[in-house]
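Welcome, and please open your viewer. We will go from stop to stop, selecting residues and looking at what surrounds them.

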Amino acid sequence: LHYQPIISLETWRMSGFEALIRWEHPEQGIISPVTFIPLAQETGLIIPIGLWVLREACRQARVWQDEFPSDPPLSISVNLSGKQFLQADLIERIEDILIETGLQASSLEMEITESAIIENIDSATLILRQLKTLGIRVSLDDFGTGYSSLSYLHRFPIDTIKIDRSFVSRMNSPKNSEIVRTIVTLAGDLGLRVIAEGVETREQIIQLTGLNCDLVQGYLLSKPIDGEAMRDLIEEIYERGLGAHEG
């Protein structure tokens, strides 16, 4: 697993991080998830892989919470695939992992994509409601890239919207900037948090701050890094007084 920090634009403190899987092949080096995740979906391996990712992410998050205590505690975001929605025992497995790792449900955020919901509307509805009952937060990933984004905001128990990097990267265009502004405003009116993905320039940070976006992640702040490097980064951030804070 690699981890990418999520930073608050209001306080410039780290609120948590997203767990991202990487395949380090002995001969081919780093293989992109874009290459192996579709294969894992086709073969069904995405189910055991997904559970491993969730268990390892929750275990690591709890370790860092203990080492770097804060209020609220550092959170962890984990992606949930469409295939996982079809597993009848998914909620039971997630509960078991939370008990096993000692991570509070409120420190876990499950990220889903519109495509995952579309593939299994009924299963998705049931599972998302069960996740919310457990106290787990739900994030809608790649927002704005599907066909029916707005309908999901009232149909499903969503806590967070992640603005897709394709909008963020083109914020120098008035049209795309206005789209981002509209998403942030709508989210605020609905009581949802907003995370802007793929932030790569200072200009984007300035624009997003001006739009009252809540949180950001991207290469400007940190690329996804392994656990050891992430721990060092958390330590550095905390030494500078920029860890998660009370309030």
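**First stop: Thr101**

Select Thr101 and show its surroundings: leaving aside residues up to four places away in sequence, Thr101 touches Arg55, Cys58, Arg59 and Arg62. Keep in mind that you are looking at a predicted model. Now colour helix α3, which covers residues 90–101, and you will find Thr101 in it. Is Thr101 buried or exposed? With a relative accessible area of 13%, Thr101 is under the 20% cut-off and so counts as buried.

**Next stop: the core**

Nonpolar side chains in soluble globular proteins tend to be buried together. Which residues touch the most other members of the largest nonpolar core here? Select Phe17, Ile76, Leu108 and Leu131, which hold that place in a core of 70 residues. Then colour helix α2, residues 46–67, which supplies the largest share of this core with seven residues.

Stay with Ile76 for a moment. Not counting residues up to four places away in sequence, its contacts include Phe17 and Leu108, and also Tyr3, Ala57 and Ala61. Ser107 and Glu109 are among the residues Ile76 touches, too.

**Last stop: Phe68**

Select Phe68, in the loop between α2 and β5 (75–79). Phe68 has a relative accessible area of 8%, so this residue is buried. What does Phe68 touch, beyond residues up to four places away in sequence? Show Arg231, Ile234, Glu235 and Tyr238 to see these contacts. Finally, draw a distance line from the C-alpha atom of Phe68 to that of Glu111: the two residues are 43 residues apart along the chain, and these atoms are separated by 24 Å.

Key:
Residues numbered from 1 in each chain as written. Predicted model: local features only at pLDDT ≥ 70, side-chain atom pairs only at ≥ 80, totals over all residues. Heavy atoms only, no water. Helix = DSSP H or I, 4+ residues; strand = E, 2+ residues; numbered from the N terminus. Buried < 20%, exposed > 50% of the residue type's maximum accessible area, 1.4 Å probe, protein only. Contact = heavy atoms within 4.5 Å. Core = buried A, V, L, I, M, F, W, Y, C linked by side-chain atoms within 4.5 Å.
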